[in-house]
Amino acid sequence: MLGSSRPGAPVDQPSTDVVQGTLDMLILKSVSLQPMHGYGIGRRIEQISRGVFRINPGSLLTALKRLERAGWLDAEWRETENARRAKYYILTREGRKQLAVETADWSRRVSAIARLLEAEG
Amino acid sequence: MTLLRRVTLGLRALARPDLAERETADEVEHYLREAAAAHRALGLSEEAAFRAARLELGSPAGVREEIRRHGWENGVEAFLGDLRYAGRRLRLEPGFTVIATLTLGLGIGAATAIFSAVNHVLIRPLPYPEAERILAVWDIREDGVQLDIAYGTARELAARARSLEHLAAMKPWQPTLLGAAEPERLEGQQVGAGYFGVLGVRPALGRGFSPADDAAGAAPVAVLGDGLWRRRFGADPGVIGRTVTLDGLPYQILGVMPPRFENAAAPGVEVWTPLGYDMSQGRAWGHHLRLLARARPGASLDAVRRELETIALHPVADFPRVPWAALEHGFRVRPLQDEVTAGARPALFALLGAVGIVLAVACVNVAGLLLARGARRRGELAVRAALGAGHQRLIRQLLTESVVLSLVGGAAGVGVAAVAVRALVVLSPAGLPRAHAIAVDGTALVFALALSMAVAVAVGLLPAFAATRGDLREAVGRGPAPARHGAGRDALVVAQVMLALVLLVGSGLLFRSVRRLLAVDAGFDTPGLVTMQIQSSGPRLEDDSTRLRFFAAALEAVRQVPGVTAAALTSQLPLSGEDDRYGLHLDPAPAADPGELGGGTYRYAVSPDYLRTMGVPLLRGRGLTSADDAGAPRVAVVSASLARRRFPGVDPIGHRVRVGPADSPPYTIVGVVGDVKQVSLALDEGEAVYLPVSQWHFADRVLSLVVRARGEPGRVVPAVRSAVWSVDPDQAVVRVAAMGDLVKASAEDRRFALELFEGFALAALVLVGVGVCGSLSGRVAERTREIGVRAALGASRGALVSLVLRRGLALTAIGIAMGIAASLVASRAISSLLYGISRADAATYLSVAALLGAVALVAGSVPAWRAARVDPALPLRAE
C-alpha cells in the first residue's frame, strides 16, 4: 500500500504486516509506558520492532478509535512538545487488564508454536 | 461500563456530527504534520517532506472515511444518509415514483382490506367474554344431517350435562310493533332464560330473563336492543318496567342491551322474549330450536363432546324421549364462531389468495421498473463506486430506495384499505357474518407495515443485485448501460403473466358458475312477479278461522288492484330464505318407503291459485281449486321429484299422505307439479307438498303474497299494500321484493366473490399490460442501435415489428403455460364456490389464455411500433 520508505526505517528489508489480532496488544503495550498520540504510537511500534512492523495510518487510527470505544484507552487533547494540539491516548485500568490478558495469551501461543517447530525439526 | 461508553460516545458523535468529524480531521491532520516533520528532520525540503508524508498516509479523506466508518452510530448515520439520498432520487423522478408507489399502494391496500375482513370475520373471537366457550349443539339424524333441537332434548341436557355452565334454546320471532304510522315488524328471538348467560353479556339497563320469566304461561316480558330503544323509545332510561305492545299483547320491558352488543347467532335481532315452553305442549318435541351453550371453565370442547355423547346414548327414566328425538346418533357440537363463519370461510380465503396474487403482480411490475431504472443508473452507481462506495454500500442504498418506495406505497395502501373496507362492507352479501365489524384497525396497520417491508425486499433485491453486478468501473461516464438484465426482466414478465392467468382463471370459473346458476330453472315464471309478506298479529286475529277470513279478504282486495293479473298466498316463498319442512308419511305405509330426504318435505300451505300465479307447471292430475276448502275432502299436490322417489313406478294420484305428525289426517294426492328451488338455486332439493291453506291443521300467522302484474311489477306495490290495509290497517306488510331479485340474491355469495375476483383480475390484467409494454420498451431502447443497423441493412418494418412482438409473445406463451399448470392446482381454493362447472373447465382456460395473449399483443405493439420507426441513420450518427 505504501510506496515510499519511512524515515528511520531500514530500506533494504521488507516490512511485515502486523500479525493478525496483535495490533491491539501492540498499541496497548506502547501506551502503557506513557500517554502518546497516534503518530507517536505508530513510530514507536516501528522503531522497537526495528522496522519489521509498519502500521497503515488508517488501520492505526481506526484501531485507536475502537480501543477508545472499548474503554481500554482514554483520550485527551494536549499540546505536544512542539506546541501542536494532538490527541493523546492513555491506558485505562481496564486497558491494563486487557493488555495482561492478551500478553499472557500471546506468550502461550508463541511457546506452543516454538515447541511445534522444535519437534518438527 | 464498556457498553455505556460505546453508547454515549456513539450518541455524542450522532448528536454533534460536526464535532466528531472535526476531531477525526484534526487527528489525521496532526498525523500528517508529524510525518512531514519527521521527513524534514531527515533533510527533505518543506515541500518534499509534505509530499512524502501524504504518500505515506494515503488520501486524508479516505483515512477519515475509514475511521468514521467505525462505530455503531455510523450505521445509523449511513442509513439516514441513504434515506435522504433515496428521497432526493425519488423526487427527481416523479413519474417513476408516482407509478411505483401507486401500484404498490393499490396492491398493499387491497391486501390489507381483505386481510381486515378475514381477521375480523374469521380470526378474531366473537365479541363475548371467553367466546371460545360458547358452543352450538345440534341433533344428528341417522344419515348425519344435523337437525334443530327439540325442547325436550334441550331440557334433558340442561338437567344432565355437567360440562355446560349455561344453555339456552332459541327460535326466531318477528313480532309486529304497533303505534307508529305504519306497523313495524321487528326481528326478534324467543330464547331460554340462560341466553344472555351463554353469551356472557348483561343488559346495560334493567335485567335479563329469570327462569320464572321463562315458565309456560308467565306474564310476557321483553328485553330491547339498544338500536330499538333509541329509535322507538328515545333512549329513555325510564322504559324499564313499562310495557310495549307486540303482536297486540303488552310485554313488560325488563332490560335494554348495551349499545355494542352483537347478536352473532342471529344478526339484526333487536328484541328478545322468553320461549315459555313446557313439556305439555305438542311443539315440545318438534325439531325447531337452535341450542347454544357455554362450557364450564376448564371443560374442553372434547370433554363436552364426550359428555353429550354419553348422555345421548344413556337415556334416563326422568327424561323419556320420543322416537324421532331418541338421540341414537348423538349430537354435533362446535364452537359458535365456526358455526357463524363457516359460510363465509371459502369465499374469504379465496379472496385472500386472489388479493395476494394481485399484490405479487404489482410487486413484479415495480421490480421490473426498478430493474430498468437500475440499468439507467449504472453510470451514477459507477461514479459512486469510484468515489469509494463499496458493493454492499451500493446495494444498501438501492434497497433503501425500495424501502422508501414501499413505505410510501404502504401509507397510500392504508388509505386505499380504509376506502376499500367500506366498499367491501357495502358489497358484501347479506349472509356475510359480522360484516359491520370489519375495519382497518391496529392489527391491520401492523399487517400493512410488515407487508410493506416484505414488499420492499421482494421488489428491491433482484434489481439491486442486477444493477451492481459485474465491474462497475467500465460503466463510468457511459450513461445508460448496455443490455445485461434481459434474463431477469424476461423472468419477471413470465411470472407476471403466470400470476395473472391464475387470477383470470379463477374469475372466469366464478363468472361461468354464476351465469350457470342464474340460468338454472327455479321452477316458476319469474318476470312480472312481486312478493311481500303479510304478518297477521293481534288479539283480533287470535283464532284460526278469523285469521283465515282476514287473509282471504286481503287476497280478494289485492286481486281488485288495477294491473294485478293474478295473486295468491303461500306459507313459504321460494328463495326467500324460508325453510319450512315436515315429515311426509305414506298412508298406508308401503313395505319399502325410502323415507324422507334431507330435512324433510317442503310444506306449502297455499291459496288455490298459487301454482297458477307462480307459473309452476302442472305435470299430471289437477291443481288445487277453490272447491278444496275447509269442508271438502283433504287434497294435496306433490312435486315431480317427490313423486319419482316416494312412488317409484307408481302413479301417485289417488294415494294418501300424512304431513307432520303421524296421527294427523291424511291428504289424497290429486296432482303432480314441477320442482321448485326453495332454499338455493344451487341445491337440488325439490321434494314438496302443496296443501290448501284452509285444509292445513292450523292457520299460519305469516303468509307471503305473490302478485303477478302487468308491466313493471314494482308499480303496483303501494296499491297492493293499501288493499291489504283496507281490510285491516294493523297488519304488517313487509319484505317487498321482486321475485327476480330473490332469484339473483340466491347467487349472492358467489356474486360477491365474483365481483371482487373480477376487480382483482382486471387490475392484474392492466399490470401485465403495463409490465409487458415496459419490458419490451426497455429492450427496444437498449437495442436501438442494433435495430437501426438492421433497418439500414434493409430489414422491413414488418420484420422489425415481428422481431419485438415475437419476443413478447414467446414470453407470454411461457407464462400462460406455467399459469395453466398453476391454475389446475390453485383452483382447488375456489372449488366450493363453483357451480355446474369443473375447475379444469377447458373453455374457461382457453378463453382466459386468449384474452391474456391479446393483452400482451396490444401491450407489445407500442414498443414494436417504436422499433419500426427507428431511424436507419441513427447508428451512424451515434458513433
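**Helices, strands and a contact between chains**

Tutor: Just after H3(A), the residue A:Gly71 adopts a positive phi of about 90°. Please keep in mind throughout that this is a predicted model.

Student: What span should the 14 residues of H3(A) have, and what distance separates its end C-alpha atoms?
Tutor: The expected span is 1.5 Å times one less than the number of residues in the helix. For the 14 residues of H3(A) this comes to 20 Å, which agrees with the distance between its end C-alpha atoms, namely 20 Å.

Student: Which element gives the most to the side of chain A that touches chain B?
Tutor: The contact draws 21 residues from chain A and 27 residues from chain B. On the side of chain A that touches chain B, helix H2 (38-48), helix H3 (57-70) and strand E3 (85-91) of chain A each supply at least two residues. The element that gives the most, with eight residues, is H3(A).

Student: How do the residues on that side of chain A divide by class?
Tutor: The side of chain A that touches chain B is sorted here into nonpolar, polar and charged residues. The division is seven nonpolar, seven polar and seven charged.

Student: What is the bridge partner of A:Ala75 in E3(A)?
Tutor: E2(A) and E3(A) run antiparallel and are joined by seven bridges. In E3(A), the bridge partner of A:Ala75 is A:Tyr89.

**Backbone and domains of chain B**

Student: Is B:Leu327 buried or exposed?
Tutor: B:Leu327 sits in the loop between helix H10 (301-313) and strand E13 (331-335) of chain B, and its phi is near 60°, a positive value in a residue other than glycine. Most residues other than glycine have a negative phi. Because B:Leu327 has 20 C-beta neighbours inside 10 Å, it counts as buried.

Student: How does B:Ala235 count, with 13 C-beta neighbours inside 10 Å?
Tutor: B:Ala235 also has a positive phi, of about 55°, although it is not a glycine, and it lies in the loop between helix H9 (226-233) and strand E9 (243-246) of chain B. A residue is buried at 20 or more such neighbours and exposed at 12 or fewer. With 13 of them, therefore, B:Ala235 counts as partly exposed.

Student: Which residues does a cis peptide bond join?
Tutor: One of the two residues, B:Pro588, lies in the loop between strand E17 (584-587) and strand E18 (601-606) of chain B. Omega is about 0° for the cis peptide bond, which joins B:Asp587 and B:Pro588.

Student: How many residues does the contact take from domain 2 of chain B and from domain 4 of chain B?
Tutor: The division of chain B includes domain 2 (145-328) and domain 4 (537-730), whose C-alpha centres lie 30 Å apart. The contact takes six residues from domain 2 of chain B and, from domain 4 of chain B, six residues.

Notes
Residues numbered from 1 in each chain as written. Chains lettered and ligands numbered in written order. Predicted model: local features only at pLDDT ≥ 70, side-chain atom pairs only at ≥ 80, totals over all residues. Contact = placed C-beta atoms within 7 Å. Helix = DSSP H or I, 4+ residues; strand = E, 2+ residues; numbered from the N terminus. Nonpolar A, V, L, I, M, F, W, Y, C, P; charged D, E, K, R; others polar. Pairing = 2+ DSSP bridges. Domains from an automatic or database assignment.
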